[in-house]
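Notebook open, model loaded. I'll jot down what I look up as I go.

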Amino acid sequence: VVLAYVLANLIGLFISGWFYSLRRYNFVLLQRQRSANKRLERLAMQDSLTGAKNRRYFISQGSMEIERS
C-alpha cells in the first residue's frame, strides 16, 4: 500500500513537472509570436529604405481618427 502511494506521488510529480514545462514553453512561444507580429506590423507601415511612413500607415491613422471623432 505504501509503495503504491509513493509510486502515485512520483507519477504525479512527474506529470505536474511536465505540464509546467509545457506551459512555460507555450508562454515563450506566445512572447516570440507577439514580438514577431509587432515587427511585421512596423515593417508593413514603414519604408525600410527611408524609414518614412507609407500609405498603409496613413490609412490606419485616418481610420482611427475617424472613429475617434
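**Entry 1: the nonpolar patch.** Which residues make the nonpolar surface patch of about 710 Å²? I looked it up and got Leu7, Ile11, Phe14, Ile15, Trp18, Phe19 and Leu22. A reminder to myself before going on: this is a predicted model.

Trp18 sits in helix α1, which covers residues 2–44. I get 46% relative accessibility for Trp18, so I file it as partly exposed. Phe19, another patch member, comes out at 41% relative accessible area and is partly exposed too.

**Entry 2: aromatic pairs.** How many aromatic pairs does the structure hold? I count two. For such pairs I write down the distance of the centres and the angle of the planes.

Trp18 and Phe19 turn up again here, with ring centres 5.2 Å apart. Their planes stand at 55 degrees, so I call this pair tilted. Edge-to-face would need over 60 degrees.

Tyr57 and Phe58 form an aromatic pair that does pass as edge-to-face, with 75 degrees between the planes and 5.3 Å centre to centre. Are Tyr57 and Phe58 buried, partly exposed or exposed? Tyr57 has 23% relative accessibility, which makes it partly exposed; the cut-off for buried is under 20%. Phe58 has 53% and therefore goes down as exposed, given that exposed starts over 50%.

**Entry 3: a charge over a ring.** I stayed with Tyr57 and checked what lies over its face. What I found is Lys53, at 5.0 Å from the ring centre. So Tyr57 has two entries in my notes: the edge-to-face pair with Phe58 and the lysine, Lys53, over its face.

**Entry 4: salt bridges.** Side chains of opposite charge can pair when their charged atoms come close. My count comes to one salt bridge. The partners are Arg68 and Glu65, with 3.1 Å between the closest N and O atoms.

Where do Arg68 and Glu65 sit relative to each other? Both are in helix α2 (residues 55–68), and they are three residues apart, which means a separation of about one helical turn. Arg68 is exposed, because its relative accessibility is 67%. Glu65 reaches 40%, so it counts as partly exposed.

**Entry 5: a distance check.** I wanted one C-alpha to C-alpha distance across the chain and took Asn9 and Thr50. They are 41 residues apart in sequence, and the spacing is 61 Å. Asn9 belongs to helix α1. With 37% relative accessibility, Asn9 is partly exposed.

**Entry 6: the whole chain.** Last, I zoomed out. The secondary structure of the protein chain is two helices and zero strands. What radius of gyration does the chain have? I get 24 Å, whereas a compact globule of 69 residues would be near 11 Å. Along the principal axes, the C-alpha atoms fill a box of roughly 70 × 35 × 10 Å.

I also asked what share of the 69 residues counts as buried, and the figure is 0%. The accessible surface of the chain is about 6,600 Å². Carbon and sulfur atoms hold 63% of that surface.

Note on methods:
Residues are numbered from 1 along each chain as its sequence is written. This is a predicted model: local features need pLDDT of at least 70, side-chain atom pairs count only at pLDDT 80 or more; totals for chains, interfaces and linings use all residues. Side-chain values use heavy atoms; hydrogens and water are left out. Patches are made of residues with over 30% relative accessible area and no salt bridge: like charges are joined within 9 Å, nonpolar side chains (Val, Leu, Ile, Met, Phe, Trp, Tyr) within 5 Å. Accessible areas come from the Shrake-Rupley method with a 1.4 Å probe; for residues, only the protein chains shown count as cover. A salt bridge is a side-chain nitrogen of Lys or Arg within 4 Å of a carboxyl oxygen of Asp or Glu. Helices (H or I, at least four residues) and strands (E, at least two) are DSSP runs, numbered from the N terminus. Buried means under 20% relative accessible area, exposed over 50%, partly exposed in between (1.4 Å probe, protein chains only). Rings of Phe, Tyr and Trp (its six-membered ring) pair if their centres lie within 6.5 Å; planes under 30 degrees apart count as stacked, over 60 as edge-to-face and the rest as tilted. A charge sits over a ring if NZ of Lys or CZ of Arg is within 6 Å of the ring centre and within 35 degrees of the ring normal. The radius of gyration is taken over C-alpha atoms; the globule rule is 2.2 Å times the number of residues to the power 0.38.
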